Amino acid sequence: MRKPLRVTVATLAAATTLIALTSCGRSDDAPAEDMSAAPVAEGEATGTITVWAMGTEGEKLGEFADAFSAENPDATVEVTAIPWDAAHDKIATAIAADQTPDVSMVGTTWMGEFASTGALDPTPDTIDGTSFFPGAWGTTIVNDVAYGMPWYVETRVLYTNTAAAEAAGVSPSPATWDDLKTSTAAIQAAGADYGITLQAGQQGAWQTFMPFAWQAGAQILDDEGNITLDTPEVVDALTYYQSFFTDGVAPVDVPVGTLESSLIAGEFGAMVSGPWHIGILEEAGYADFTLSPLPAGEQLASFIGGSNLAVFKNAENRDGAWKFIEWLSQPDTQAAWYEATSDLPSVPEAWETGTLATDPQLAIFGTQLETAVAPPSIPNWEQIATVIDTELEKVTRSGLDPQEAATAIQQQAEAIGTGL
C-alpha cells in the first residue's frame, strides 16, 4: 500500500518546468468546434500499442498487459517507463514535435494543459463515464469534453492516533468541523504536543486546504467558468484552517522525516493523508491508528488525485489504444491491477470483491472517494495552485486575515486566468 506522492510529484514537475505548450508549436491546434469522439472499430485489437507510463505503473504495466494480449493475440503492448520528474516535459516535447506514443499516463492536474493543445483524442463511447467515481471522471473533462480515462485514484482521509484519542476521551473519528476542533484540542490537552498536523504552506499545501473549502461549499469555478476563490465559503474555510494554527493546535513546522514517528509517538494526534500511509505506518510496526473520512462542514469532501490514461490524436494505433484503455477500465481488470500495484480503482464496482471489499481500512477510502473532488481541468491550474499555496502560508504563519488572503488569491488567479 505504500505509495509515493505521485500527484504531488506530478504537480512539482509541472510547476517547476513551466513549459508553455502554447509556445510549442501546437497552439494553432486548439480544439476545434466539433469535439465529438470518433467511433472505435469493433473486434479484437491488433498491431502494436505504444504506451508511456510513470513510476510503479511503468515498471509493472508491461507484464500486466500480457493478459490483454492473450485476449487479443494480434495485439502487442509496448510500455516505456518514464520517471515522474521527467514526464511532464517529455509529454510536452512529444506533443510539440508530433512524436507522441499511442497512449500515455497523464497526471490529473495536467489534463487541462495538454487537452487544450488539441493533442488529446476525445474519449469514445466505449468508455462509460458513469462507471467511474464522479470526481475521478471529472478530471478528464476539459471544456465539457472528456479526454482519456481515470485509471487509478487516491484520496485523503483522517489518520488518528487511537490511543491518544482514547486518553483524551474523544472519538478518533470526528464527524464535523466542530468535532474535529473539539477532539484535536482535547488530545493536545491530554498530553500531545499538538492535536493535529496540517500543511502550513509550501508546494502542494492546496491539496490539504481545498478539501476544507469544498466542505464549506466553495467552488473554484462557477457555472460560467469564472474563478470564485474569494467567496464567503473560501473565507470560512481559510478562517477555520487558520484557527488550528492560531490556537496552537497544529504546528507551523513539521521537521522533514518526522511525520510518521510523531503520530506513532502521540506527539500529535492526527494527520490528513492518503492510502500510502497505511503501509508506511504498518512497516514501522504501528497499527493503532484509526482512519475516518474527513469531517463535514456544510458537506463531505476530500481531494481526489491519481492518474489518467489518454490517447493522442496522432496515435498510429488509435483503435488498439482505446481498446486497451477500455480493457483497463473493466472492474475485473481494475481489481487485478490493484492486487498487482495497490493502485486504488477508479471504478466503484471494482471495490465490491476481494481485498477491496473486505479490508475495513480500504473501505474508508472507498467511502471518501464517493464525495472526493478534483480541481477543474484548466491549463493554468498549476499556477493558480501555487498562488493558493503562497497565500495559505501567509494565513497560517503570519496571521494574514482570511478575507485579505481570499481577495489576494482571487486577484492573482484572475490575472493568471484559466487558460481556456
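Modeller: Let us start with the rings: in this predicted model, the count of aromatic pairs comes to 22.

Colleague: What makes the pair of Trp 84 and Trp 110 edge-to-face?

Modeller: The ring centres of Trp 84 and Trp 110 are 5.8 Å apart, and a pair requires centres within 6.5 Å, while the planes stand at 70 degrees, and an angle over 60 counts as edge-to-face; the pair is therefore edge-to-face.

Colleague: Why do you say that this pair ties together parts that are apart in sequence?

Modeller: Because Trp 84 lies in helix H4 (residues 84-96), whereas Trp 110 lies in the loop between strand S3 (103-107) and helix H5 (111-115), the pair ties together parts that are 26 residues apart in sequence. Trp 84 and Trp 110 are both buried.

Colleague: Which residues form one aromatic cluster together with Trp 151?

Modeller: Trp 151 forms one aromatic cluster with Phe 64, Phe 68, Tyr 152, Phe 324, Trp 327 and Trp 337. In the largest nonpolar core, which has 53 residues, Trp 151 is also among those that touch the most other members, along with Leu 61, Phe 324 and Leu 328. Apart from that core lies another, of 47 residues, including Leu 180, Ala 216, Phe 245 and Ala 385.

Colleague: Which residues is Trp 151 in contact with, leaving aside its neighbours within four places in sequence?

Modeller: With those neighbours left aside, the contacts of Trp 151 include Glu 57, Leu 61, Met 105, Leu 328, Gln 334 and Trp 337. Trp 151 also lines the second largest cavity, together with Tyr 152, Gln 334, Trp 337, Asp 343, Leu 344 and Pro 345.

Colleague: What volume does the second largest cavity have, and how many cavities are counted?

Modeller: The second largest cavity holds about 30 Å³ of space, and the count is two cavities of 30 Å³ or more. By class, five of its lining residues are nonpolar, one is polar and one is charged. Strand S6 (149-155), helix H14 (331-341) and strand S11 (344-345) each supply at least two residues of that lining.

Colleague: How do you know that Val 235 is buried?

Modeller: Val 235 has a relative accessible area of 12%, and buried means under 20%, so Val 235 is buried. Val 235 is found in helix H10 (residues 232-246), and, leaving aside its neighbours within four places in sequence, Val 235 is in contact with Asp 230, Pro 402, Gln 403 and Ala 406. The C-alpha atoms of Val 235 and Ala 406 are separated by 6.2 Å, although these residues are 171 apart along the chain.

Colleague: What makes helix H9 mostly covered?

Modeller: In helix H9 (residues 206-215), 10 of the 10 residues are buried, among them Trp 206, Phe 209 and Trp 214. Just after H9, Gly 217 takes a positive phi of about 100 degrees.

Conventions
Residues are numbered from 1 along each chain as its sequence is written. This is a predicted model: local features need pLDDT of at least 70, side-chain atom pairs count only at pLDDT 80 or more; totals for chains, interfaces and linings use all residues. Side-chain values use heavy atoms; hydrogens and water are left out. On a 1 Å grid over the protein atoms alone, a cavity is a set of points where a 1.4 Å probe fits but cannot get out, and a pocket is an open set with protein on both sides within 12 Å along at least five of seven lines; lining residues have an atom within 4 Å of a point. Grid points are joined across faces, edges and corners, and a volume is the space filled by probe spheres set on the points. Helices (H or I, at least four residues) and strands (E, at least two) are DSSP runs, numbered from the N terminus. Ala, Val, Leu, Ile, Met, Phe, Trp, Tyr, Cys and Pro count as nonpolar, Asp, Glu, Lys and Arg as charged, and the others, Gly among them, as polar. Buried means under 20% relative accessible area, exposed over 50%, partly exposed in between (1.4 Å probe, protein chains only). Contact means heavy atoms within 4.5 Å. A nonpolar core is a set of buried Ala, Val, Leu, Ile, Met, Phe, Trp, Tyr and Cys residues joined through side-chain atoms within 4.5 Å. Rings of Phe, Tyr and Trp (its six-membered ring) pair if their centres lie within 6.5 Å; planes under 30 degrees apart count as stacked, over 60 as edge-to-face and the rest as tilted.
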